[in-house]
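Welcome! Here is a short tour of a protein model, going from a single residue out to whole domains.

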Amino acid sequence: MCGIVGVVSNKNVNEKLFNGLSNLEYRGYDSVGMCFINGGKFSIKKGVGKLEEVHKKVNFLKLNGNIGLGHCRWSTHGGVTEKNAHPHVDCKNKISVVHNGIIENYSELKDELTKKGHKFYSQTDTEVIAHLIEENLEGNKVEEALRAALKKVEGSYALGILFADEPGKLFAARNESPLIIGLGKNENFIASDVPSILSYTNKIVYLEDKEIAVLTNDGFDVFDLNGKEKRKKVHTIHWSKESSQKSGYKHFMLKEIYEQPRAIADTLNERIVNNSIIFEKEFALSDDFLKKIKRIVIVACGTSWHAALVGEFMFEELAKIPTEVEYASEFRYRHALLDKNTLVIAISQSGETADTIAALKEAKKYGVKTLSICNVIGSSITRISHDIIYTRAGPEIGVASTKAFTTQLAVLYLLTILLSKIRKTLNEKQIKDMIEGIRKIPLQLQSVLDEDDEILECAELYYNKLNSLYLGRGINFPIALEGALKLKEVSYIHAEGYPAAEMKHGPIALIDKNMPVVVIAPHDIYTYKKVLGNIEEVKARGGIIIAIATVGDKEVKKRAKHVIYIPKNLYTLSSILAIVPLQLLAYHIADKLGRDVDRPRSLAKSVTVE
Ligand code: M6R
């Protein structure tokens, strides 16, 4: 993971680098460092801890220069120490490197370089890059040395590199780790993601694998590893500057939970036309193909995997297409049985999750069609897959995924309508009802958000409990998983999600008067009555029941200690409504416990290593 930012300008870049780095902190916060060039020498400051903590000690804003690099670390190789914090330099202190990724052959390279006399100061894989470039610099230009070095490197990297003797040039390279170029006025940027530099530019160039970029304050060039120049497209990103700021909210997570009505409205915008679903030109799968597919396989990780489970339910129940959901990390290493009648869908907020990228690449080996559902325009996954549907959540900064999840559900729902229509598994009336249902969602979500005070009360009562159980059935079983994941990741309280009836096969033994049990129990024709039975079972064992029920429901109220109501809508849409109180519950509990909600320990926003 780790975050990288770099700026080259005709004026001091200090503040821009600092701000860029603080926007990237969600990617890693073990340690942080910055480097500038002044009079042919590097000025470097770094330390262990979060940006603010290290800044208090070293005062990053005292560093000056028209060119600089910044890095926040999520450690992979080498402990969390100042020595292991980036940037790393070569023996002569002339090459400075920041890195995100894993150099897989670093140990062999380090041995070779050590034998040649290079002295290493850290335990990181990154430092070998600085020495490897140094080793290749003898008699070569820096560009040649960089190419020669990268040809020897195996693994993933997004690199920012400075040469003390080239004070006007910022170098960058990528392979399987995200890196973008931002084009400003008399200044240019590199960064791990778009939001980190959105305050300065929305003109973005995406680097591809095995490309090297050379930036000056008035231009940039991109080459392949053989020095062949590449033509690059400049993308204009239409995210507002405010979308990457907290805008008065205490945390990004809270802001993003509250943005969901808007995010869903944006995701639907102009995609529903006269009872039909029309996606943009990036989605070009023909009706003929969609009619023919015999199977869908969805690959994803984490929260996106939970969205995939909701998708599975909808595709099978309504579009009648057999669907399987796979953890991308598992799928990539097994030989799945895929043929040309299978559609493989990858779901990812960031579009940069290493396992999901690898799973897509694996699927493509079988010659199947691939579709990605993704939030970040131009991200790796969208460039690998044949077709794309964008969720339009806007930048999601909080590590805990919230609005990305509900917009993924909205896209899966629209796709289900499209498939059901083409395959004639639903009639016009049913399609119309589905469309009316989703159109109500933005307003209904607002009414769920209006219940925040009651959710806060629950959080205040139970934030000191050590365990909790989340139960749901059918389309809301994945919501139980997602609710539990939200609580775990931001509050560090142990939580498990289970299909409600499965509880009897083990977890019920855990239930006593200290166990909050969150039950998702919307009114439906499927399992509602069964869930009432499950609530009784929990109650009989003294468990504290917090239920999510449909407005007007009296039965759940009779049995549960607390009830949070969601509005009436189609059963397939209950999951979008039910997750929001669970996001808020997790948020308030974590906040009460004083957790660093947007930067939970050990987590990073996009998991770009496997
Ligand atoms: O960017 P992606 O959707 O591919 O990320 C997948 C997971 O890493 C992500 O959903 C993770 O589980 C979140 N922290 C959950 O809130």
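## One lysine and its neighbours

Leaving aside residues up to four places away in sequence, Lys151 touches Leu225 and Asn226; contact here means heavy atoms within 4.5 Å. Lys151 sits in helix 5 (residues 142-152), where helices (H or I, at least four residues) and strands (E, at least two) are DSSP runs, numbered from the N terminus.

Along the chain Lys151 and Asn226 are 75 residues apart, while 9.0 Å separates their C-alpha atoms. Their side chains make a polar contact at 3.0 Å. A polar contact is a pair of N or O atoms within 3.5 Å; within protein, one must be able to donate a hydrogen and the other to accept it, and residues adjacent in sequence count only if both atoms are side-chain atoms.

## How to read the model

This is a predicted model, in which local features need pLDDT of at least 70 and side-chain atom pairs count only at pLDDT 80 or more, while totals for chains, interfaces and linings use all residues. Residues are numbered from 1 along each chain as its sequence is written, and side-chain values use heavy atoms, with hydrogens and water left out.

Eight strands form an open sheet in the order 3-2-4-1-10-9-11-15, with antiparallel pairing. Strand 3 (41-48) and strand 15 (235-236) each have a single partner strand, so they stand at the edges with one side left without a neighbour in the sheet. Strands count as paired if DSSP finds at least two bridges between them.

Six bridges join strand 2 (residues 31-38) to strand 4 (residues 67-73) in the antiparallel sense. Opposite Phe36 stands Gly68 in strand 4.

## Salt bridges

How many salt bridges does the structure hold? There are 34, each being a side-chain nitrogen of Lys or Arg within 4 Å of a carboxyl oxygen of Asp or Glu. One of them joins Lys16 and Glu187, with the closest N and O atoms 2.9 Å apart. Lys16 belongs to helix 1 (residues 14-24) and Glu187 to strand 10 (residues 187-191), so this pair ties together parts 171 residues apart in sequence.

## Where two domains meet

The domain assignment, which is automatic or from a database, gives domain 1 (2-237), domain 2 (248-448) and domain 3 (451-601). Ten residues of domain 1 are in contact with ten residues of domain 2.

Across this interface the rule finds two salt bridges. Lys361 forms a salt bridge with Asp209, their closest N and O atoms being 3.9 Å apart.
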